[in-house]
Amino acid sequence: MSDNSDFCAQRATAMTIHKLFPTLVYATRLQSGRWRTFNERLLRECRQLQHDDESGRRWSARNYPGGYTSYNSASHMHRVSPTFAALERRVRKHVAAFARALEFDLEGRELAMTDCWVNIMPRHVVHGLHLHPLATISGTYYVQAPKGVPGIKLEDPRLDRFMAAPPRKAGAGRPWVVMPAEAGSLILFESWLRHEVAPNPVAAERISISFNYGWF
Ligand SMILES: [Fe+2]
């Protein structure tokens with residue numbers, strides 16, 4: 001007959017710890033033979049938009065101090081620019097792959113890009129914590145990301161439920177992850193995932209294109 005310690009050992013051997021409810025984030029590079037040429041076209045159009053978009057510059061001065069975003073003024077760039085439309089065609093297959101990984105049942109419908117806008121972050125500009133309402137999958141494509149610019153900081157979606165949870169040991173990970181920004185790379189996430197960009201510490205501008213996809 002086993003004594004109590006043997007019983008505990010057997011129980012311990014049989015024990016399983018499950019990792020449930022993972023948060024999926026999709027990252028890739030939009031590479032092709034003419035990738036750099038394509039990116040230069042996007043970069044020219046982003047800068048031209050900033051120059052032309054007086055309404056957006058005014059809105060940015062109040063809501064994105066020091067930076068420029070077309071979020072409130074030109075947020076359907078994929079419909080007005082052939083270059084941005086080409087970006088959408090390149091992004092589309094990755095959104096479909098991500099939707100498969102998420103095991104979405106779209107009931108015969110397709111995810112479609114609903115919004116697409118430009119973000120230009122010079123030195124010291126910050127993009128505060130937010131999520132993307134009325135969307136299913138959101139993401140960012142990096143047009144220009146010089147060395148030292150901040151990545152995107154993704155928050156653990158359980159953070160507001162941690163309450164009295166003790167801190168984790170050193171090296172155990174934190175309730176956020178920073179994914180580096182790299183020109184030519186794409187990141188996709190579910191639109192409810194909160195994220196932010198820390199202040200840009202370098203003199204060079206961080207230029208990205210953000211977008212939403214919806215199925216409704
Ligand atoms: Fe965002």
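Is His-195 buried or exposed? His-195 is buried, with a relative accessible area of 4%. Here, buried means under 20% relative accessible area, exposed means over 50%, and partly exposed lies in between, using a 1.4 Å probe and protein chains only.

## About the model

This is a predicted model, in which local features need pLDDT of at least 70 and side-chain atom pairs count only at pLDDT 80 or more, while totals for chains, interfaces and linings use all residues. Residues are numbered from 1 along each chain as its sequence is written, and side-chain values use heavy atoms, with hydrogens and water left out.

## The iron site

Let's start with the metal. The iron ion is coordinated by the NE2 atoms of His-130, His-132 and His-195, at 2.1 Å. Donors are N, O and S atoms within 2.8 Å of the metal (3.2 Å for Na, K and Ca); water is not among the atoms, so sites may look incomplete. Along the chain, the donors follow the spacing H-x1-H-x62-H. Distant parts of the chain are linked here: His-132 is in the loop between β4 (127–130) and β5 (137–144), and His-195 is in strand β9 (residues 195–197), 63 residues apart. Helices (H or I, at least four residues) and strands (E, at least two) are DSSP runs, numbered from the N terminus.

His-132 is buried too, with a relative accessible area of 8%. Its side chain and that of Asn-212 are joined by a polar contact of 2.8 Å. A polar contact is a pair of N or O atoms within 3.5 Å; within protein, one must be able to donate a hydrogen and the other to accept it, and residues adjacent in sequence count only if both atoms are side-chain atoms. Asn-212 is found in strand β10 and is buried, at 5% relative accessible area.

## The sheet

Now look for the open sheet of six strands, with antiparallel pairing and the order β1-β8-β5-β10-β3-β2. The strands β1 (25–29) and β2 (68–69) stand at the edges with a single partner strand each, so one side of each has no neighbour in the sheet. Two strands pair if DSSP finds at least two bridges between them. Nine bridges join β3 (residues 112–121) to β10 (residues 206–214).

Strand β8 (residues 185–190) has six of its six residues buried, so the rest of the structure largely encloses it. Ser-185, Ile-187 and Phe-189 point one way from β8, and Leu-186, Leu-188 and Glu-190 point the other way. In general, side chains alternate between the two faces of the sheet in a regular strand. Five bridges join β8 to β1, where Ala-27 has Ile-187 as its bridge partner. Five bridges also join β8 to β5, and Ser-138 stands opposite Phe-189.

Helix α2 (residues 35–52) lies across β1, β2, β3, β5 and β10, at about 95 degrees to β5. Axes are lines fitted to C-alpha atoms, for helices over the stretch in contact (heavy atoms within 4.5 Å). Angles run from 0 to 180 degrees between N-to-C directions.

How many disulfides does the structure hold? The structure holds zero disulfides, a disulfide being a pair of cysteine sulfur atoms within 2.5 Å. For Cys-46, the closest cysteine sulfur is that of Cys-116, 8.8 Å away, which is too far for a bond. Cys-46 is buried at 0% relative accessible area, and Cys-116 is buried at 1%. Cys-116 stands opposite Phe-211 in β10.
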